Amino acid sequence: MNVVYEVTTLVVIVLGLAIVFGFLGVMNLAHGEFIAIGAYTAYACQARGWPYLTAIPAACLVCGALALLVERVLIRPLYQRPFDTMLATWGLSLLLRKTVELVYGGGYKSLVVPLSGSVSVLGAPFPAYRVLLIVLSLAGTSVLVVWYRRSPTGARIKAMVGNPELAQAVGLRTGRLARNTFVVGTCLAGLAGVMVAPLTPVQPYMGLDYILKAFFVLVVGGLGSAVGLVSGAGLIGGVESAMSAIVDRTWGYSTVLLIAIVFLWLRPRGIFARV
Amino acid sequence: MGSSLASSAALLAALLVLPQVLGEFWAFQLALYFLYAVAALGIGICWGRAGFLPLGQGLFFGLSAYLSGFALLRFADSWWLLLLLPLAALASGLLAYAIGLLVFRGRTESGPYFALITLALSLFAFQVANTWNGMTGGYNGLKGIPGLPALDSFAATYYVAAVALAAAVGAVWWLVESPLGVLWRALAQNERRVGFFGHDTAQLKAIAFGASGILAGVAGALYAPQQGLVTPEVCGFVLSADLVIWTAVGGRGRILGPVVGAVAIGVLTAELRGRIGWWEIVVATIFIGVVLALPGGLMGLLPVRRQRSRGARAPVLLPAPPRQLAGGPVTLAIEDVSSIAGEVRILDGLSLAIQRPGIYCLIGPNGAGKTSTFNMLTGELPAQRGTVTLDGARVGVRTPHGMARRGVGRKFQIASVFPDLTLDDNLRIALWSGRASLRDLLRPALRRWDSALLAALRQRFTFLADGLRAAAALSHGERQVLELAMALIGEPRLLLLDEPSGGLSSEETQRVIQVIRWARQTLGLCVVIIEHDMAMVKELADHVFVLHQGRLLAEGDVQTVRADRRVHDIYVGASS
């Protein structure tokens with residue numbers, strides 16, 4: 001059950017990154033910091049005594065506003081320059097991290113788990129909040145995937161990704177579409193932050209761990225398919241929690257790194273790519 | 001080369017005077033930034049020249065720092081310790097070279113995947129250094145590393161770092177100005193094309209990466225005695241990323257860019273750190289600003305110095321050695337070759353044979369497999385079945401550079417030259433093809449090579465004589481001619497030309513026809529031309545092959561083929 005939990009949260013964390021990288025070709029190295037910002041928003045809401053649910057719109061608002069600004073200033077001038085995008089977002093991640101540190105200090109913050117108590121899953125007790133997260137993640141991801149497959153906007157995004165010039169020529173406002181895609185991807189990062197905040201120590205550097213793991217999931221799963229994403233998250237999350245349980249966390253992390261290196265080297269397009 | 005030596009000597013002199021002026025605190029700080037600058041110079045080579053981004057240089061810096069730390073702790077006072085430090089740097093270089101060769105072999109892309117591999121490797125190195133307590137001291141690192149023997153003061157370590165930096169700048173200058181540096185810049189622009197000139201691009205990129213590993217290794221080996229402490233952080237992600245940031249801020253395209261970036265940000269950090277708590281935010285903002293507004297970095301603000309003023313002193317040309325290729329007339333036999341991609345049969349049992357030198361034209365409707373035949377011959381397109389025999393020997397595994405070394409030259413349909421290089425450098429890349437060994441590529445004299453054929457081509461096409469012009473400044477027609485000239489001066493035995501007259505005026509076409517004929521006679525080579533212009537086919541062809549749906553439909557001289565009923569049918573479309 002712990003593995004299931006690891007994998008599903010990983011899916012949500014990667015989802016935003018996959019949207020931005022897969023559709024826009026933008027490697028957003030600051031994605032982890034948006035997760036951290038989401039988590040800090042949740043912390044701020046709870047510290048003020050607001051109900052935990054208010055953190056959801058608040059995180060969307062904060063991350064959305066930031067994403068709009070970032071897209072306008074950083075991302076848009078650098079489309080088609082992948083190296084420079086990587087560098088600029090790396091600079092951005094530094095900037096956000098240090099700003100968060102300046103505002104909230106470098107120490108750990110911990111949140112109260114909003115849903116205490118446990119439910120019995122297959123006879124074993126399991127924290128209710130985690131069960132709720134698993135259900136929400138699965139539901140949210142499936143809704144998004146179905147929406148992408150069925151809705152006109154999904155089709156427009158596909159057109160934009162497949163052939164941006166032609167999409168423009170038939171009257172799609174690709175600039176606006178790309179901006180919205182970026183904002184949605186970033187909001188998902190914020191939501192992921194809200195979700196995991198009560199269960200992990202919230203600190204300015206938390207984004208780094210997530211971003212690296214998320215990239216490895218993308219590498220293993222390949223881009224552009226929900227199946228790849230889930231199986232990538234399954235492999236990385238599963239291996240990490242298994243190795244961590246059997247040996248220790250360092251081994252878990254190192255094994256994940258080795259898997260990622262092998263994939264990057266031999267199968268850069270992921271598990272399901274035709275060679 | 002004299003100018004580079006003079007510049008580094010001047011730089012060294014300036015560096016040696018500095019600590020007298022600035023005092024001990026800055027001498028210690030600057031020594032550290034100089035070492036970082038040495039490591040950043042390596043990123044300048046890979047990213048600014050060869051066009052791929054190494055994101056995990058901490059691995060090589062850290063490996064060498066630990067090795068040097070072990071050596072210093074164990075053999076503190078022995079003189080031969082000084083031999084171990086270069087070995088530590090060399091170990092880093094070899095590791096980088098091996099990784100480069102493994103990853104680049106068989107993949108001609110410089111995208112983000114390589115960067116991510118190096119990043120993951122450095123993360124892995126951090127984990128190893130952090131947990132292997134018995135060897136590396138774990139999280140606390142190696143402590144109490146003594147300084148270099150007889151150099152145990154801040155000022156002395158400063159001088160060591162300054163000398164290392166000056167030597168590194170000199171070495172990088174040499175590399176960048178050597179033929180190897182020209183090839184690096186060429187493959188950053190069009191790696192595939194460099195391969196078709198017979199250069200092993202994976203090897204060249206691995207050498208660049210190896211050189212960057214040595215530079216990171218030198219920096220790491222000196223870092224251990226300078227700091228007296230080596231912690232896992234030197235392997236990790238943060239130092240690796242910082243090195244890239246410094247390189248980007250300074251300017252990756254200039255030799256001194258990484259040095260300027262490392263020292264400038266280092267000094268800025270040291271100034272700000274004590275005063276304001278949010279100094280890192282300032283640095284990050286500057287960094288983002290540079291990426292957005294100054295893609296060339298701080299050094300991009302300075303104008304490029306002109307290499308040599310035109311006509312001031314014409315360089316003395318050296319004759320290039322002759323190519324070592326099999327004598328006698330070239331023969332080629334393609335037998336029953338099929339190539340299938342997905343559902344599409346690109347080549348379908350293609351067989352054709354060339355017995356003697358001459359001009360052969362390959363014609364056929366769109367999709368007949370003409371360009372695919374060239375791709376298959378030069379190793380771009382894998383074939384599932386069939387054999388290719390060149391000069392009587394069966395060619396098994398075909399790679400672009402391997403085929404070029406066997407004497408197969410190629411000109412593409414869309415003129416592909418190296419726009420950011422000068423005409424001279426473009427032509428020399430072709431001239432080195434098959435003539436220069438890897439060791440030769442370090443000799444600057446190769447940039448003055450000349451051959452009788454090149455001289456003759458300059459006579460025919462006068463624009464080629466203006467060698468300092470950038471190829472990007474050429475007109476479309478001139479580019480086509482330049483690429484044809486490049487394909488010719490490699491002196492191939494079998495020359496594949498894909499629509500050499502595409503987009504040329506009729507006058508230019510005439511001159512191209514004359515050159516092809518002249519080259520065929522003087523070099524005795526065999527030319528295969530893909531051509532749609534039937535007038536040109538009629539004028540040039542000794543023999544015509546007609547391709548249709550991936551196989552040979554008809555062959556013979558122009559009259560025979562014209563009279564052939566089946567050829568008429570496929571062109572008119574009445575193939576029922």
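Axes are taken as lines fitted to C-alpha atoms, for helices over the stretch in contact, with angles between N-to-C directions running from 0 to 180 degrees. In the predicted model, helix α21 (residues 565-572) of chain B lies across strands β11 (543-548) and β12 of chain B and runs at about 125° to β12(B). A further helix of chain B, α17 (residues 476-489), lies across β7 and β9 of chain B, its direction being at about 180° to that of β7(B).

These strands belong to an open sheet of six strands in chain B, ordered β7-β9-β10-β4-β11-β12, with mixed pairing. Its edges are formed by β7 (408-411) and β12 (551-556) of chain B, each of which pairs on one side only. On average, neighbouring strands of the sheet are turned by 20° against each other, direction ignored. Within the sheet, strands β9 (residues 494-498) and β10 (residues 526-530) of chain B run parallel and are joined by five bridges. In this pair, B:Leu495 of chain B is placed opposite B:Val527 in β10(B).

At the level of domains, chain B is divided into domain 1 (2-239) and domain 2 (358-372 + 397-572). A distance of 43 Å separates the C-alpha centres of domain 1 and domain 2 of chain B. Contact between them involves 17 residues of domain 1 of chain B and 25 residues of domain 2 of chain B. On the side of domain 1 of chain B that touches domain 2 of chain B, helix α8 (residues 179-196) of chain B provides the largest share, 11 residues. The residues on this side of domain 1 of chain B comprise seven nonpolar, six polar and four charged.

How values were computed: Residues numbered from 1 in each chain as written. Chains lettered and ligands numbered in written order. Predicted model: local features only at pLDDT ≥ 70, side-chain atom pairs only at ≥ 80, totals over all residues. Pairing = 2+ DSSP bridges. Helix = DSSP H or I, 4+ residues; strand = E, 2+ residues; numbered from the N terminus. Contact = placed C-beta atoms within 7 Å. Domains from an automatic or database assignment. Nonpolar A, V, L, I, M, F, W, Y, C, P; charged D, E, K, R; others polar.
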